[in-house]
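Colleague: Before we discuss this entry, may I see the sequence and the coordinates?

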Amino acid sequence: MSLPVEAQDELEQIITSIVDRYKAKPTALIMALQDIQKYYHYLPIEALKLIAKKMNLPVAQLFGVATFFKAFSLTPKGKHHMCVCTGTACHVRQAGVIVDNLSRSLGINPGETTPDGEISFETVNCIGACALGPVITVDDEYHGHMTVAKLNKVLDDLRGKKTAEEMVEEVQ
Amino acid sequence: MNNNKFTSPEDLNRLRERLVKQREEGRIIITVCAGTGCLACGCEAVTAAFREALKENQLEDKVEIRTTGCHGFCERGPLVVLRPEGTFYQRVKPADAKLIVEQTIKHGKLVNKLLYRDPQTKEVIVKEDDIPFYSKQMRLIFGMNGHMDPTSINDYIALGGYQALAKALLTMTPEQVIDEVKKSGLRGRGGGGYHAGKKWASCRRAKGEPKYVICNADEGDPGAFMDRSLLEGNPHGVIEGMVIGAFAIGSHDGYVYVRNEYPLAVKNLNIAVDAAREHGFLGDNIFGSSFNFDIDVSRGGGAFVCGESTALMASLEGKIGEPRAKYVHTVDAGLWDKPSNLNNVETWANVPLIIEKGADWYSRIGTASSKGTKVFALTGKINNTGLVEVPMGITLREIIFDIGGGPPKGKKFKAVQTGGPSGGTLVVETREPKVHESLVAHGDIRDEEEVVSLLDLPVDFDELTKVGSMMGSGGMIVMDQDSCMVDVAKYFLNFLQEESCGKCTPCREGLRITLEILTRISEGKGQMEDLDTLEEISQVMIDTCLCQLGGSAPNPVLSTIRYFRQEYLAHIVEKRCPAGVCKELVSHAIDETCTGCHVCFSVCPTNAIIGQTKTLHVIDQDACIQCGACYQLCRFDSIKRVKRGEGDAIQYVAKEKWHPPVKKKAAAVA
Ligand SMILES: Cc1cc2nc3c(=O)[nH]c(=O)nc-3n(C[C@H](O)[C@H](O)[C@H](O)COP(=O)(O)O)c2cc1C
Ligand code: SF4
Ligand code: FES
C-alpha cells in the first residue's frame, strides 16, 4: 500500500519528529516503527524508506524488522480492532470457541480485515487479565468471561455504533 | 538538598523519616488496585466515584486515594483496601464507593456485601491479611505493590526504598556486593535459574568497555504476567536492583527491554526512571559517589524468541530478533559485542532485599538449592486466579488448593502446567473423564497405567526439572477434567511454531512436523507409530536446536505423553477425546437434564437446535458444526460432548427419560 501524494509531506514531518525524538539511535528503531504504526495503524512503505534514509540504515534491515515482529503490519487495518486473547489461561477456558465464532461471524480469519474496512480481527497472547478469561478487547476496551452469546452482542453493539456514527455524519 | 538530588544517605533518611511520620498521622487511605486485571474490570470508574463521594462528604483533605499496582487477587477485582485498618473490599463497583465512604469511613461500619467470603468455609473475612489467598503467601517482592502509588517515588522511599543502594554504594565494594549476592543463592527468575552472583562476577571479569546491564522484561510466556505487574506496581524496586548490579559489575549503561504490549508498565517505568534521575539515584555521581549509571527504556516488538538473551540483544541493536550460537557468552560479548549482563525483572527486584537484609537472612528462605520466593501467575481452571508469591520449597498442593482454592465449580483437578511453552504438564491425579456414563467404553488399555501424584512436589528449580517440567518464568496453569492434554500440547506447539524465528532447521522443521502429528492425533487420524516418532523428533530437537526455544519445545509433548499416555491412546485407538475438547472427535448432544429453558436455541449459528420453551431440546446432529456455543451457555450442564457419532444415542435415551420440569425447577429457571 502506498500513500497519496498529499500525505507524503505529513509523513515526512511525522518521521522527522519521531527520528529526532530518539536521536536516530539504532536501539530505538523498533520504537520508531511502533510510533509510526500507532499513528497510521500500519507501516506505509514510504515510511520505511524514509526512516532508513534518516537513520542511515539499509532498507532491507527495516523490512526485516518490520516483517519479523507480528505486531507490525504492512497493510492498513480496519476502523475497529477486535482482539481475542489466546494466551494459555484463556485457551484452557475455551478461547478457541470464541475465535472460531468470531471468524465465522466476520467472515475473515485472524489477522485479516473485513472487506468493508470496518473491523480487523487478531489474536494475541495474554493481555494480563487472565482472571477474566476468555478475554477479548474491542478498540482497547476489555470484555471478560466471553461466551458466544456475549460475543454476538458485542458485535451488534459495534455495528450499531457504526451506524449511529454514520447517521450523525449523514445529518451533518 | 540541592535541586532534589540526594548526595548523602542522611538526606535520604531525613526525607524518609518525614514521609513515614506523614503516613503515620492516621489519615485514612483508600487504596484502589489499578493493575491491568483491575483496570480491565473498570477500576478507573471506581476511583472516580471515590473522588466524587469524598467531595460530596467534604472528606477530601482527610482521606487520601491511592491507586496502586496489582495486589495479586485479580479474580476479585476491582479491589479496594482501606488502610491503616486493612479492610478488604472486593468486586467493588462505582456505585459502591459512596456506600464505603458513608458507612465505613464516616461511621466505621462494614459494607457486608463487599466483604470476602471464603468459598469453602463460608466465613466472612474482613482484613486483607487474613484471607487465605494472602495469608499463605510470602510477599517479599510483591507485597509493596499494595502500599504504594507506583508513580510516586516518595511512596517508595517511605517504604525504605533506595536504602539498599545507599548501603551498597557507600559501605561496600563491588566485590562485596557480588559476594553477598552469591552467598544469598539468588538464581535467575527468567527461566534458566542461573546463579545471579556467578553471572555478575563473570561479567565484571570480562574484558571490554563499556559494559551493559540489561533487564529482560519481554515476558513472552502466554499466560504469565508477573514481570509486568512488578514493573507496573513497583518499578523503583527493579531500577534499584539494576543500579546495585551495575555498581557491582562496573557498568554505566543500562537497558530495560520491555514489550510494547505492556503500555502501563512502559509508562510507569518511564515515570520512575525520570524520578530516579531527578533524585540522583540515576545519572552522574549517584549519592555523591564517583559512580555513574543511567537506564534507557527500550520498547520491544513482543516476540517470544526475543526473550532469549542473544535475540534480545540483537533486537536492542535494531536488528531482527534472531538468536545466535552461544559458544561466546553474552557476559563476554553481548550487546554491541561488549560484555553484557542480562537478568529478569524479578531477579533484579530481589537484589535490594538481599543487600538490605543480608544474604544470611535471604538464604534462610527456600530449599537447599533454590532460595527466596517466586512469583507465579496462577491461572486456568482455578478459583483464585491471580499472582501469588510463595517461598521456594512450598508444595504444588499448597499453591493450587490452599492459595488457589482448587478448580471452580467442584470440577476435578487434573494437571498443572509450569514453565510456559517450554515447560511440562504434570499429572497429579487422573479421574474418569466427562463422558456420558452410559457410553464409557471400558477398553483394556484403560487400566494399565498407574496414577502418578506429584502434587506434593516442592517448588524448586531442580525438582521441577527432574520430573520433566521447569520453573520457567512462573506461569502456572491449572487444568481440570475438561482440559484435553493432546490439545494442550498442540496449543503450545502451535504457539512455538508461530514464534520460532526459523533460523535453524531442527526447530523450524521439527516444530512443523510435531504440530502436524499432534493435529492428526487430535483429529482422530493418528497411528500408534506417531508416539514414537514424536519422541524421536523431540530428542533430535533437544540435541541440536540453536536456542532454548527449540531445545525445550518438546517439553510439553514429552511430558504429556509421559503422564497422559492413556489420553493419547484414547485419541489414536478409540478415536475419542475423553475431555470432549478436540472438535473433530466430539458430538454435542442434549440429555434428559434439559429444562427447556430455550437459552441455547438462538445462539446456534447453524440453527441446529430444535425445541420450544419447556420441552426437551434436541441438536440436529447433521447440522451441528461443534462450535461449542451452546455448551458454554447451558447452565444445567445438559449439553454433553460425547464421542463423535454417538450424539443421537444420547438424545434417544434423553427422549425416553425426559419429564417436563417440576415447578421448583421452573422457578429456578425463571
Ligand atoms: C525462547 C526463550 C524465551 C525467553 N523469554 C524470556 C522472558 O520473556 N523473560 C525472561 O526474563 N527470560 C526469558 N528467557 C530467558 C533468558 O534467555 C535469560 O536466561 C534470562 O533473561 C536471564 O535472566 P535471569 O538469569 O535473571 O533469569 C527466555 C529464553 C528463551 C530461550
Ligand atoms: S531453536 Fe528455533 S527459535 Fe531458536 S534459533 Fe533455532 S529456529 Fe530460532
Ligand atoms: S491468557 Fe488471556 S489474558 Fe492471560
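Predicted model: local features only at pLDDT ≥ 70, side-chain atom pairs only at ≥ 80, totals over all residues.

Colleague: Which element of chain B gives the most to the shell around ligand 1?

Modeller: The shell around ligand 1 holds 18 residues, with Gly190(B), Asn216(B), Asn343(B), Asn344(B) and Thr347(B) the closest. Strand 10 (340–344) and helix 21 (548–552) of chain B each supply at least two residues of that shell. With three residues, the element that gives the most is strand 10 of chain B.

Colleague: How much of the area of ligand 1 does the protein bury?

Modeller: One of its oxygen atoms lies 3.1 Å from a polar side-chain atom of Lys199(B), and an oxygen atom of the ligand is 3.0 Å from a backbone N or O atom of Glu219(B). The side chain of Thr347(B) places an N or O atom 2.7 Å from an oxygen atom of ligand 1. Taken alone the ligand exposes 610 Å², and of that the protein buries 87%.

Colleague: How many nonpolar residues does the shell around ligand 2 have?

Modeller: There are 13 residues around ligand 2, and those that come nearest are Cys501(B), Lys503(B), Cys504(B), Cys507(B) and Cys547(B). By class, the shell has one charged residue and three polar ones, and the nonpolar residues number nine. For ligand 1, the shell divides into five charged, ten polar and three nonpolar residues. The count asked for, that of nonpolar residues around ligand 2, is nine.

Colleague: Why is the pair of Phe73(B) and Phe133(B) described as stacked, and how many residues apart in sequence are the parts that it ties together?

Modeller: Over all chains there are 20 aromatic pairs. In the pair of Phe73(B) and Phe133(B), the ring centres are 4.0 Å apart and the planes meet at 10°, so the pair counts as stacked, the limit for that class being under 30 degrees. Phe73(B) belongs to the loop between strand 2 (63–68) and strand 3 (80–83) of chain B and Phe133(B) to helix 5 (residues 132–135) of chain B, so the parts tied together are 60 residues apart in sequence.

Colleague: What is the phi of Arg91(B)?

Modeller: Most residues other than glycine have a negative phi. Arg91(B), in the loop between strand 4 (87–89) and helix 4 (94–107) of chain B, is not a glycine, yet its phi is positive, at about 45°.

Key. Residues numbered from 1 in each chain as written. Chains lettered and ligands numbered in written order. Heavy atoms only, no water. Near = heavy atom within 4 Å. Polar contact = N/O pair within 3.5 Å; in protein donor to acceptor, adjacent residues only side chain to side chain. Areas by Shrake-Rupley, 256 points an atom, 1.4 Å probe, with all protein chains shown as cover. Helix = DSSP H or I, 4+ residues; strand = E, 2+ residues; numbered from the N terminus. Nonpolar A, V, L, I, M, F, W, Y, C, P; charged D, E, K, R; others polar. Phe/Tyr/Trp six-rings, centres within 6.5 Å; stacked < 30°, edge-to-face > 60°.
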